[in-house]
Amino acid sequence: MKEIYDFLKICDTYYLATVEGDQPRVRPFGTVNIFEDRLYIQTGKLKNVKKQIDINPKVEICAVCEGKWLRVEAALVEDDRIEAKKSLLDNYPQLKDMYSAEDENTVVFYLKNAVATFYSFTDEPKVIRF
């Protein structure tokens, strides 16, 4: 899991895919955190992405950098604890103008049953499950 975290941090931006009805939805994300041995992401409760995850928690993440790309299949599980939100926001102080661990908007999710695959044009795919 740390290898996935490190790669996403280096890439800075990754893309999260959800489903709305029969329409795929993809958007850029930038938050990633490890808290209590789980990989977390963050968004706002008022956003469409949160509504889509509530209906179907299966997502896919894709990131590309340094000649490699990563795809992560997972289910997202909401963690409403202030400690989980605070841990993530402490690592992204630039978000504290928009989000707070105590507000009614901030939401964090951890990845469950994740299958991550690293790809490149020169190496065999590498699969990590967490």
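This is a predicted model: local features need pLDDT of at least 70, side-chain atom pairs count only at pLDDT 80 or more; totals for chains, interfaces and linings use all residues.

Biologist: Which sense do E1 and E2 pair in, and over how many bridges?

Modeller: Antiparallel, over seven bridges. E1 covers residues 14–20 and E2 covers residues 23–29.

Biologist: What stands opposite alanine 17 in E2?

Modeller: Valine 26.

Biologist: And how many residues lie between E1 and E2 in the hairpin?

Modeller: Two. Glycine 21 is in that turn, and its phi is positive, about 65 degrees.

Biologist: What about E1 and E5, how many bridges there?

Modeller: Three bridges, again in the antiparallel sense. E5 spans residues 58–65, and its cysteine 62 stands opposite tyrosine 15.

Biologist: Where is glutamate 36?

Modeller: In the loop between strand E3, residues 33–35, and strand E4, residues 38–44.

Biologist: And what is phi at asparagine 113?

Modeller: Asparagine 113 also has a positive phi, near 50 degrees. Asparagine 113 is found in a strand, E7, which runs over residues 106–120.

Biologist: Is asparagine 113 buried or exposed?

Modeller: Exposed, because its relative accessibility is 58% and the cut-off for exposed is over 50%.

How values were computed: Residues are numbered from 1 along each chain as its sequence is written. Side-chain values use heavy atoms; hydrogens and water are left out. Two strands pair if DSSP finds at least two bridges between them. Helices (H or I, at least four residues) and strands (E, at least two) are DSSP runs, numbered from the N terminus. Buried means under 20% relative accessible area, exposed over 50%, partly exposed in between (1.4 Å probe, protein chains only).
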